[in-house]
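Subject: Structure handover and what was found in it

Dear colleague,

I am passing the structure below on to you, and would ask you to keep it open while you read. My notes follow it.

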Amino acid sequence: MNRFFRISLASLALACCTAGAFAQDEGGSVVRRRGTDRNAPARQDGSMVTPRMQSFYSDDNTGITDADRQWMRVIYRSIDLDKDANAPLYFPEEPVDGQENLFRIIMRLLAANTVPAYEYLDGREIFTDKYRIKTRDVLDRFYIPYTDAKGSTEKNPRFVIDESDVPTNEVLSYYVIERWEFDTRNNRLRPIVEAICPVLHRAGDFGGDALRYPMFWVKFSDLRPYLAAQTIFVDDDNNLPTATYDDFFTLNMYDGEIYKTRNLKNKSMVQMYSDPDDLKRAQDSIQNRLDNFEKKLWVPSREEVIAAREAREALEAAGDTTAVSEEAATERTTKSRATKRSTKRSTKDTKAKAAKEKKPKVAKSKAPKSSSGNAARSVRRRK
């Protein structure tokens, strides 16, 4: 009986505590889920990106410094949105079911003063506060209508831009800065997108071809938390959004043309190669060196060597000698050098052997010995 009474009291106490907790929750009490910040300010862009997420996607989170990097090359690419591979950056033109294209996301974050933008300096970009540009200046420069948002101040300006006023149909390309680096911690070569620049294609007052106006630079590390939250579909055969904008840039799913590499003279590829054929060959050469850089660091396996040889023989049998890959040419050069070294070594060995065989054997003359076993003394020096 006492045991039943104790169980009943425990059940009654548990029910009272649960009812009190629900009552506090309905009345706006301190009961909330773990990890939620009640005092967190509401964001104008409608995102739920926290400072912790921002630090996770920043470049400093990798822990790799310049001391760990053995090799690095900076590449500038132009991403043309007319190409099928780059279509996910342009479509949908209007927001559909919560999906937006890349330029709308950038403009929304810029209008809410969530991410900073930097001046386009044509080749020597510096992402510091000195070169940070004001959103109002950008909107005025490119004639984008706007109104001041509620609660906007001089130190924290925010703007409201109508969806119809965002010039998404004129942003037909992007400039991207890639940083190809080889670090000793991972022992691998990886391309990292450093910054993105929307390019406005706008025709003049008298018609003609549209001129390109680079708008501003935005660091990719500042955009990553927001791009990772936007899903997109990249395949016409699968209409489910299985990737994000962050995956699109991190996995290098875009198709971009190299228009510049960082150099001492700060010249673009067009300035260095005026002939279109020479320009195309130089771009292909740079891309091949980037693709084959990591492959040359390691000794190929037996299967890879056999596959490369079979591919080369198939191309030679088909009569296409120009399509021989760079690896095959390198393998052929290495084999020829090894053959020359072995030929020289065998020639030297043959000559030395022949000289040994031709050299006559000279009989060694033995000096006369005395009876005591010592060498015979000269007669003239005897007393």
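Two residues are said to be in contact when heavy atoms lie within 4.5 Å of each other, while helices (H or I, at least four residues) and strands (E, at least two) are DSSP runs, numbered from the N terminus. Please bear in mind that this is a predicted model, in which local features need pLDDT of at least 70 and side-chain atom pairs count only at pLDDT 80 or more, whereas totals for chains, interfaces and linings use all residues. Residues are numbered from 1 along each chain as its sequence is written, and side-chain values use heavy atoms, with hydrogens and water left out.

**The chain as a whole**

The protein chain contains 10 helices and 10 strands. Of its 383 residues, 30% count as buried, where buried means under 20% relative accessible area, exposed means over 50%, and partly exposed is in between (1.4 Å probe, protein chains only). Among the contacts in the protein chain with a separation of 6 or more, 62% are between residues 24 or more positions apart.

**A covered helix and a buried serine**

Helix α5 (residues 220-227) is mostly covered, since 7 of its 8 residues are buried, namely Phe 220, Ser 221, Asp 222, Leu 223, Pro 225, Tyr 226 and Leu 227. The elements that cover these buried residues include α2 (51-56), α3 (102-111), β5 (188-204), β7 (218-219), β9 and α6 (245-250).

Ser 78 is found in strand β1 (residues 69-80), and Ser 78 counts as buried because its relative accessibility is 13%. Once its neighbours within four places in sequence are left aside, Ser 78 is in contact with Tyr 174, Tyr 175, Arg 212, Gly 256, Glu 257 and Tyr 259.

**Salt bridges**

A search of the whole structure finds 16 salt bridges, each being a side-chain nitrogen of Lys or Arg within 4 Å of a carboxyl oxygen of Asp or Glu. In one of them, the side chains of Glu 181 and Arg 69 meet at 2.6 Å, N to O; this pair links distant parts of the chain, with Glu 181 in strand β4 (residues 171-183) and Arg 69 in strand β1, 112 residues apart. Glu 181 also meets Arg 179 in a salt bridge (3.2 Å, N to O), and Arg 179 and Glu 181 are both buried, the relative accessible area of Glu 181 being 0%.

Another salt bridge joins Asp 278 and Arg 281, whose closest N and O atoms are 2.4 Å apart. Both residues lie in helix α8 (residues 276-293), 3 residues apart, about one turn of the helix. An α-helix has 3.6 residues a turn, so residues three or four places apart point the same way. Asp 278 is partly exposed, with a relative accessible area of 33%, whereas Arg 281 is exposed at 53%. Elsewhere, salt bridges that share partners join Arg 69, Arg 179, Glu 181, Asp 183, Arg 190 and Glu 194 into one network.

**A loop residue**

Asp 235 lies in the loop between β8 (231-232) and β9 (243-244), and Asp 235 is partly exposed, with a relative accessible area of 37%.

With kind regards
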